[in-house]
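Please look over the points below with the coordinates open.

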Amino acid sequence: MPKFTSRSYSRFLKRAPDLHAANQGCGASETGPTMQHLRTTVARLRPLARCASPQVGGGGGAADRTLRTGPSGAAEPEFLNGTGTSNYVEEMYRAWLRDPGDSWDIFFRNANPGFTPGAAYQSPPDRSGARRVLASPAQAVLGAGPNVQKLIEDHLAIHSLIRTYQVRGHHIAKLDPLGISCVDFDDAPCKVGFQNVGFYGLEESDLDKVFRLPTTTFIGGNESALPLREIIRRLEMAYCQHIGVEFMFINNVEQCQWIRERFERPGAMQFSGEEKRTLLARMVRSTRFEEFLQRKWSSEKRFGLEGCESLIPALKTLIDTSSGSGVDSVIMGMPHRGRLNVLANVIRKELDQIFCQFDSKLEAADEGSGDVKYHLGMYHRRKNRMTDREITLSLMANPSHLEAVDPVVQGKTKAEQFYCGDTEGKRVMSILLHGDAAFAGQGVVYETFHLSDLPSYTTHGTVHVVVNNQIGFTTDPRMARSSAYPTDVARVVNAPIFHVNADDPEAVVYVCKVAAEWRNTFHKDVVVDLVCYRRNGHNEMDEPMFTQPLMYKKIKKQRGVLQKYAEALIAEGVVTSQEYEEMIADYDKVCEDAHTRSKDEKILHINTWLDSPWPGFFTFDGQPKSMSCPSTGISEEDIVHIGNIASSVPEKDFTIHGGLSRILKARASMVSQRVCDWALAEYMAFGSLLKEGIHVRLSGQDVERGTFSHRHHVLHHQNVDKSICIPMNHISKDQAPYTVCNSSLSEYGVLGFELGFAMASPNALVLWEAQFGDFHNTAQCIIDQFICPGQAKWVRQNGIVLLLPHGMEGMGPEHSSARPERFLQMCNDDPDVFPKLPLEDFAVCQLYDCNWIVANCSTPANFFHVLRRQIVQPLRKPLIVFTPKSLLRHPEAKSSFDHMLPGTEFKRIISEEGPPSASPDRVRRIIFCTGKVYYELARERKDRGMEEEVAIVRIEQLSPFPFDLVKKEVEHFHNADLLWCQEEHKNQGYYDYIKPRIRTAITRTRPVWYAGRGPAAAPATGNKQTHLVELQRFLDTAFDLTRFSGRQ
Ligand SMILES: Cc1ncc(C[n+]2csc(CCOP(=O)(O)OP(=O)(O)O)c2C)c(N)n1
Ligand SMILES: [Mg+2]
């Protein structure tokens, strides 16, 4: 047997650079170097041959097992690894064991009885099947060495060549319809094709030699060997035409094999006449829809699909195939490009409803400010004609902010899966569409990908479709990304990427079929990259020649894809030109008729564009069923029961940490004293809702334990790995499930996800907690574009809760402020108008009108109530709560059970209950405040002995502002001056929001003074001493009753 020396190994590497590159790049599962493989392979041939017989075969035979066992006896799974490189001879040997009558027969048969190395060699059969036999034994012995070596090297070369196509075929596939692709692969030359066989050490004369095919290819179909010429031809067909398959980085053998089979098997991409006609009909719809809009509204922005019309059949194929696999709900998110077309031809929104959006004279029927037509969402249930199964399609409304909708779609998908018990994603799936520039540029894409495999966030596979028109507004790809493809971000999660020339509708449909099958087989993400162009400017009013003159000269010459495809089918005889003309005329008439109907519309109904209806929650007109809110208190029995659960370990033989035992004991002692701290109050809120059948989901970084180690909702067995206990799920037999999940370290992605989750059902309390309140700013886009204006733009309500730890604790500028000023600045209540509402329903009516609720609770009981109110109230609004840090353990921040019993409720204001309330005439100052500073003020007042002169009133619900209650307080303490005190800096916190509203509440009869820190750029000082000095200074101001005398 020839021996591989290090010299011959490096020669081999030179001849098979792709093998080497692959070993370097994809090596996680390829443990040993290639040479080691070859050595062991060659060494094993003889002893194994002894025990082998032709009967030993199949994947699991004894010989197979022996071959897979390394010197240590350990299994070598990489042997069959599609990404492996050097198992070719072994494969040939195993194939020979199964079927001795092949080209390697003489080689291995002679190796068996112990022929000297080389003497065993007979060349494989040539194309005619004739075997070239060596002239004589002497000749054989003399010539055998180099021949055997050549045989092995030739087959390794074949292996390498095949692998090159699999790894890099997409580099040279004809993906770009314009032929101007700037994808830069200069670091990785792809040497394939007949002209390059020399690169692998093969010669032109080898082209007609027959080579056995390794098991890592399916190009043979039913044949196990092929001439080199045919091998290359078939690989070119599979990997270098209009589809570029990027998948060899996937570190899973089965998945790689699955993909190879889909693209390599001869005839895989054949379409029946019927399928081609369906495809043509879909292309007609897609193309003519845009043309119709262009004809009717030539000066309107619509972000047309021209240049990527095959997106419509692509999506239809994804949906048809998924429906065939059992999916009955598809949730989609997409940007502006082609959105109207998708609504019309995929979701099947009524065309007249789309067309009337173009009528600027129509008045809006719904409350809210609405949105432009290419952002609206949609929900539609219909029968899938291909599978005859019912399917729900929803397209989520989205803001202009590209990719922001991605995590929202995922959250909603997860929720729908959760509520219908679809634990594997077999019934509900998501499809996300992207533009090439946005997919590469927006970080939330990456954040969303990283949710894809996390147990509490996975949607069990998303199909991503990129409309890769090779431009982002006016920017070329070379200026827009540093990766070769716009899709490279998907590689982090091992998603296969199918690049396809969008001018070849059949190739597009084929990859979409494979993508849907992939998702429904492996339940993992997959990407379809539709390489296309943008026929017009960024929108229809834009001139692209300013910035991309050459590209657009080319585009102007480019014939439309429908035209090309129709001509091809007519030439093939699949349709006649008359049939084609009829197809076009029929669809044009559909559009014309719908346009005529659309003129009958008198008003615009935005609520027909709802993406997430909540059947039964509202009245038929979409109104709340009542305008009052029942008590949010619960029975003493429930309080004690939940308290006991919170202080126990409900599973047997479950060892918890000693420190945690002490925490639970302290909870038990609170229960016996009938008081709650913050964590226990939260427990009571969640536990009682769960008991009432309301699902509670708490998500965020480290929420299971709680950043401040106060929560402990998940107990960890101290001796058994990954054994956990969630007491909250032991409250009662028929309770709703509790989900508490530590999230990935993302705010944008995770908050978006939870917002989407909260959209699915009004009967769930979905909470996102920031680690510290200031981290919400990396999710600002979700807050600004969705949570704050969601109802106004898209007439849909959402009850998500944001828990934002906030408070000036002398811990420095970060983590001190959750930036209340920003949330308050975005509230829609008018500072100058006292709302004219019925006093008995003032609170609920205000909630009805508001865009969100902003609260800062100072007691555990009030926190308990505000959480429960989210569900008990007859409407859903986002709730922003600034939650405390030091108050979590403050001895006075405790609430008696009495404040949580039936009949009690959330207090928008906590009035003064001490001595000032007994003799209000003597009160000279009302200090209004919110949150933790109350405790500092109360202590200072006590220290100064001013309890009769100063009343402290806590505003717990900052927005909607409790005008009615503030007015009452001021009237009550009629001799007092008014002061707002906050610990935050003057340009931050609440002051700017509060002051004008207090003034409005009291019809500007008295001034409102300020005590707090001065204006500053940073939220807090980094110096603890300065922090304390500042604190004392503003407390001094707050209690200096002469400070503002005489001032106006
Ligand atoms: C987050 C965000 N930044 C900037 C924009 C402005 N903008 C709108 S479309 C666009 C180009 C998008 O290019 P691409 O993603 O390739 O989609 P295409 O328009 O080409 O379909 C830009 C920059 C935006 N909408 N969202
Ligand atoms: Mg683009």
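**Notes on the model**

1. Helix contact. Val-933, Glu-936, Leu-937, Arg-939, Glu-940, Arg-941 and Arg-944 of α32 meet Leu-1031, Gln-1032, Phe-1034, Leu-1035, Asp-1036, Ala-1038 and Phe-1039 of α35, where contact means heavy atoms within 4.5 Å. By class, the contact of α32 with α35 has 7 nonpolar, 1 polar and 6 charged residues. Ala, Val, Leu, Ile, Met, Phe, Trp, Tyr, Cys and Pro count as nonpolar, Asp, Glu, Lys and Arg as charged, and the others, Gly among them, as polar.

2. Basis. This is a predicted model, in which local features need pLDDT of at least 70 and side-chain atom pairs count only at pLDDT 80 or more, while totals for chains, interfaces and linings use all residues; side-chain values use heavy atoms, with hydrogens and water left out. Residues are numbered from 1 along each chain as its sequence is written, and chains are lettered from A and ligands numbered from 1 in the order in which they are written.

3. Helix geometry. The axes of α32 (residues 933-944) and α35 (residues 1024-1039) come within 11 Å and cross at roughly 65°. Axes are lines fitted to C-alpha atoms, for helices over the stretch in contact, and angles run from 0 to 180 degrees between N-to-C directions. Helices (H or I, at least four residues) and strands (E, at least two) are DSSP runs, numbered from the N terminus.

4. Ligand atom pairs. An N or O atom in the side chain of Asp-436 is 2.5 Å from an oxygen atom of ligand 1. For the side chain of His-336, an N or O atom is 3.0 Å from a ligand oxygen. A nitrogen atom of ligand 1 lies 2.9 Å from a backbone N or O atom of Ser-400.

5. Backbone. The peptide bond from Ser-959 to Pro-960 is cis, with omega near -5°; Pro-960 is in the loop between β26 (957-959) and α33 (963-972). Glu-403, a residue other than glycine, has a positive phi near 70° and is in the loop between β7 (389-395) and α14 (405-419).

Technical notes:
A polar contact is a pair of N or O atoms within 3.5 Å; within protein, one must be able to donate a hydrogen and the other to accept it, and residues adjacent in sequence count only if both atoms are side-chain atoms.
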